[in-house]
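User: Hello! I am new to this structure and would like to know what lies behind the terms used for it. Could you take me through them?

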There are 2 protein chains.
Amino acid sequence: MPRLTAIDRLTALWGEVQDLTAAEQLLDWDQETQMPPAGHGARSDVASTIAGLKHRALVSDALHDSVEACADEAEEGSVLAAQVRAARREVVRARAVPEELARSLAAARSRGFAAWRQARSSSDFAAFAPALEELVTLRRRQAEALVGLLPAEDGAPTLYDAMLDEFEPGARAAELEPLFATLRAELTPLVAAVAEAPPVDESPLRGHFDPAAQRRLGLHAATGVGFEFDAGRLDPAAHPFCVGIAPSDVRLTWRWQDDDLRPGLFGILHETGHGLYEQGLPAELYRTPAGAAVSLGIHESQSRLWENHVGRSRGVWRWLAPTLRALFPDAPAAADVDRAWAALHVVRPSLIRVEADEVTYHLHVAARFELERALFANEVAVGELPGAWDDLYRSMLGVVADDVADGVLQDVHWSHGMFGYFPTYSLGSLAAAQLYAAAERDLGPLEERFEADDFATLLGWLRERVHRHGSLLDAGPLIEQATGTPLGAEALLADLRGLVAEVYGV
Amino acid sequence: MPRLTAIDRLTALWGEVQDLTAAEQLLDWDQETQMPPAGHGARSDVASTIAGLKHRALVSDALHDSVEACADEAEEGSVLAAQVRAARREVVRARAVPEELARSLAAARSRGFAAWRQARSSSDFAAFAPALEELVTLRRRQAEALVGLLPAEDGAPTLYDAMLDEFEPGARAAELEPLFATLRAELTPLVAAVAEAPPVDESPLRGHFDPAAQRRLGLHAATGVGFEFDAGRLDPAAHPFCVGIAPSDVRLTWRWQDDDLRPGLFGILHETGHGLYEQGLPAELYRTPAGAAVSLGIHESQSRLWENHVGRSRGVWRWLAPTLRALFPDAPAAADVDRAWAALHVVRPSLIRVEADEVTYHLHVAARFELERALFANEVAVGELPGAWDDLYRSMLGVVADDVADGVLQDVHWSHGMFGYFPTYSLGSLAAAQLYAAAERDLGPLEERFEADDFATLLGWLRERVHRHGSLLDAGPLIEQATGTPLGAEALLADLRGLVAEVYGV
């Protein structure tokens, strides 16, 4: 038997880590889409055990030694060096945290989701508060264990930075603040100007839309842009998400409104964007450290790109028109592209982030970014979150929810203990705009292609520039290499100003 | 912190084993009901890793030592003694098998299922043969490792006995042979006599039955008899099964025929019987060794009891009649109990085991019992199975499948490497008949109760006599305690003779 090389040993051990991640993802997906309600208690035990075993696999000396043996052999810039970088990140983080905490967090997440779903359906924040309190406590403990790993050259990192770093490696709150300040400074006057302009007619996209027909529309759109249902599926969920159990098993979820076509369709296109990324990850690197998506910001760039730049384009609506006519013969205006297009770009402060327009969306994110930092800086207590939420929405968006289910309980993230995730939505939008502009520079105008049922050209470009890299490149270099410039707000702001000018004339 | 007792330590370690079993069950359920087709490759890796970790947990010295510490403390007949017995069985079996084999078997099972589904849908045994060959080889290796654990006082146990023992602890082929000989000797003349009698009119249960309405009927029946959908669900599958991920999370599956009401409804009632057992397992023993079902024979006793003794009774059909009328207004005869009842007890040799009548059913099982023994005695090769299958069906049932999908490829079991499982179906039928007779002795006639929507009385009796014991009693003593006599064929044969006499007058 030939002697195993260092990368063979690393790959064998990492395969086990990845299999446990896949099991965790299936357990989560099942809990959110299939599991009977009484199953929650047993499920949190299972989640805890799998998390403990994954932790044990990550902190094993055998894995540590195989990573370091690879490090000794790796030439700078090589695939092996990228494998070492990606593996070390996970291993070092795991070794900083006790197994007991990893297990407790998994169990608390599972319980947290059950409590959140119950609390949201009964509009009762108090029913969620104890589970949320536990999650905040555990995540704080985890952040305390991890914060020392962050480089301190640009000032002392905070606990919030430690959480942010989990979703967007290298991101720091202090660097995101000016970005969000720019977005607020530029977008708030745009929103105010729109408020003075005559309203857009949204009736073409309103009416009664049968959910089964909406599902067919969503499947048509997702299949059309290139999602492979042979390696994926679509299910209803309380809060839409996408999970990539493997590149060959990617699961989208959605929800819908009977009286508005947009939440269902754009929710599906958003998750389809995530799903295309997962299906495009390098199959040959599956079950290796560099085989996974590089960051959530990059993930969100793919979802936002397909949702907004593609999904809200005239080209796509011309392509969709025959299907819309066939599925919704009673709502003919939905298929009238000229009438419908403006309604796709309505700007109006609203309550629900995932249904927000492209402009106000970032104010939703900014509010969460502010609130999460205050929570982990001990400036806001868990019990004060509903009031603090409403205050921020009042000041930043000028709207307040009557119902806590449309306020602080609207998002699933905190129920999973995912604090520090939200900023990646705006990072993703910036990256999406920059990538789309770069794609049009390379490929020429894309809308005509969409109208002609050609999504493969854009998808091929994204596969080549983004998907196939997995984690071989970090997010920053990836964007810079793909677009020619570092990540910035210019492309997004130019887009949004252009849309508002065209739709509202302001 | 108080010192942990031996049972505390055992329970903590067993909890992890049980959580891994739950994860395995979810992976299997998902693979058979939800997973997109391209996911099979990645899934077999995950199954292998989870099986390996479960094996490692089972063979750990910590678990072994905690079991033996409990053994030192356990008084004969105590719950602790039952925990030791149940734990030792699993631990000793796991320690006899290398981890590599446990992993290979799990991966081969996952691949085997994918190959079987593909082969069955294209009626191509050759497409399944390599995966089956691998499963036979691995199961043979496993049996070779396990056979030495079986007591040898009643003659040298065979490899087949080692597999049988996994599903029905203590069962031996040499003891089952006379039982199957009795069933064949008694039932074959009954089948022959029926063949001479005028046929029964089956038209009341034939026609066109909308699958959505069939599903509603099945849900109504399952809910009516006491299955809790708050702690369970029902999904379509290529081959119906039930999986108890936890007593609070029990999943039924089904399939149906558009032109016959029976396969769907009785399939659901069969799986519901399994599900009622799983939901009735002692919640306080969940995640302990004695918390699980005791044997597959006992499991099948519950499925066969609810399918046949309850489901095919006049009382249930009177209870179902209004629902049948509402769901199938175009098939009024289905709700005509007097006309439909005989069609529920048609005896006719047929091709598909799960749709077979109560009499010929055991000939289907006997054929598999004979074939499996021949396979593991090297008297039949994998490639010869289709021919051997047809020969046995011809000689025992007088029918031969035109299509291999209705022949040797009809059952899912071998694709999971489950050789030695089939005999438990007949054992279960014997136990079901004996339990039902005992219940009527204790409770009086049950049919009137069913008609009056009272299933709780029978279910309560089964909960008390069977379900709540988990594995605290072995299968033999359990049946003897519940019914007053050891397991035998008399009750079943008396039932079947009575039914044939009433329906066919022979």
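User: What makes A:Arg103 and B:Glu16 a salt bridge?

Analyst: The closest N and O atoms of A:Arg103 and B:Glu16 are 3.0 Å apart. A salt bridge needs a side-chain nitrogen of Lys or Arg within 4 Å of a carboxyl oxygen of Asp or Glu, so this pair qualifies. Across the interface of chain B and chain A, the rule finds 10 salt bridges.

User: Which elements of chain B touch chain A?

Analyst: Those giving two or more residues are helix 1 (6-33), helix 2 (40-59), strand 1 (232-236) and strand 3 (249-254) of chain B. Helix 1 gives the most, with 10 residues. Helices (H or I, at least four residues) and strands (E, at least two) are DSSP runs, numbered from the N terminus.

User: How do you know what to trust here?

Analyst: This is a predicted model, where local features need pLDDT of at least 70 and side-chain atom pairs pLDDT 80 or more, while totals for chains, interfaces and linings use all residues. Residues are numbered from 1 along each chain, chains are lettered from A, and side-chain values use heavy atoms, without hydrogens and water.

User: Why is A:Cys242 called buried?

Analyst: Buried means under 20% relative accessible area (exposed is over 50%, partly exposed in between; 1.4 Å probe, protein chains only). A:Cys242 has 19%, so it counts as buried. B:Cys70 is buried too, at 0%.

User: How many disulfides are there over all chains?

Analyst: Zero, in a search of the whole structure; a disulfide would be a pair of cysteine sulfur atoms within 2.5 Å.
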